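Please read it beside the structure shown here.

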Amino acid sequence: MTRNRKENSIRLDKWLWAARFYKTRALARQMIQSGKVHYDGQRSKPSKIVQVGAVITLRQGFDTKEVEVMALSEQRRGASEAQLLYQETAESVEKREQNAEARKLNALYNPHPEGRPDKKQRRQLIRMKDSGE
């Protein structure tokens, strides 16, 4: 069976996998289908053909990255080679740094308690909540 394919045509899910944004193609496909990846500002399908110069917006954890496609590759290579496939926009880098700083400040000023309250502390909390209502 032969396929008629253009040279340098690559699917979005395969490009995201090759550029090392996701560990597996199945995970890349799942993220695209769930709407966490946008191609040129629009939701797309995993089979969307990627073109050089396109802007891809994707969510990874707490961060949203906006990258411009610089090159195409069907093969997953080392991280240093994968970084040559895209370039993150300056606005995206700045926004991610601001979000990271905000998370650090939030953790600094709103620390988590050491552990669960004991029986006496729970009763005090319940009394305090009941008296406030």
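A pocket here is an open set of grid points, where a 1.4 Å probe fits, with protein on both sides within 12 Å along at least five of seven lines. The model is predicted. In it, the largest pocket holds about 160 Å³ of space. A search of the whole structure also turns up six salt bridges, and L105, L108 and Y109 make a nonpolar surface patch.

**Largest pocket**

- The lining of the largest pocket consists of T57, T64, K65, E66, T89, E91, S92, K95, R96 and N99.
- Helix α4 gives the most, with five residues.
- Sorted by class, the lining has five polar and five charged residues and no nonpolar ones.
- R96, one of the lining residues, is also the salt-bridge partner of E88.

**Salt bridges**

- Which residue forms a salt bridge with D13? The partner is R25, and the closest N and O atoms of the pair are 3.6 Å apart.
- R25 belongs to helix α2 (residues 25–33) and D13 to helix α1 (residues 12–18), so this pair ties together parts that are twelve residues apart in sequence.
- Is D13 buried or exposed? D13 is buried, because its relative accessible area is 2% and the cut-off for buried is under 20%.
- R25 counts as partly exposed, at 33% relative accessibility.
- E88 and R96 form a salt bridge in which the closest N and O atoms lie 2.7 Å apart.
- R96 has a relative accessibility of 23% and therefore counts as partly exposed.
- E81 forms a salt bridge with R77, with 3.6 Å between the closest N and O atoms.
- E81 is partly exposed, with a relative accessible area of 41%.
- R77 is likewise partly exposed, with a relative accessible area of 41%.

**Nonpolar surface patch**

- The patch made by L105, L108 and Y109 covers about 350 Å².
- Y109 is part of helix α4 (residues 90–109), the helix that gives five residues to the lining of the largest pocket.
- Is Y109 buried or exposed? Y109 is exposed, because its relative accessible area is 62% and exposed means over 50%.

**Positive phi angles**

- R20, a residue other than glycine, has a positive phi near 65°.
- Where is R20 placed? R20 sits in the loop between α1 and α2, and these two helices also hold D13 and R25, respectively.
- At 39% relative accessibility, R20 counts as partly exposed.
- D40 is not a glycine either, yet its phi is positive, at about 50°.
- The loop between β2 (37–39) and β3 (42–43) contains D40.
- D40 is partly exposed, with a relative accessible area of 45%.

Terms used:
Residues numbered from 1 in each chain as written. Predicted model: local features only at pLDDT ≥ 70, side-chain atom pairs only at ≥ 80, totals over all residues. Heavy atoms only, no water. Patch = residues over 30% accessible without salt bridge, like charges linked within 9 Å, V, L, I, M, F, W, Y side chains within 5 Å. Areas by Shrake-Rupley, 256 points an atom, 1.4 Å probe, with all protein chains shown as cover. Salt bridge = Lys/Arg side-chain N within 4 Å of Asp/Glu carboxyl O. Helix = DSSP H or I, 4+ residues; strand = E, 2+ residues; numbered from the N terminus. Buried < 20%, exposed > 50% of the residue type's maximum accessible area, 1.4 Å probe, protein only. 1 Å grid on protein atoms, 1.4 Å probe; cavity = no way out; pocket = protein on both sides within 12 Å on 5 of 7 lines; lining within 4 Å. Points joined across faces, edges and corners; volume = space filled by probe spheres on them. Nonpolar A, V, L, I, M, F, W, Y, C, P; charged D, E, K, R; others polar.
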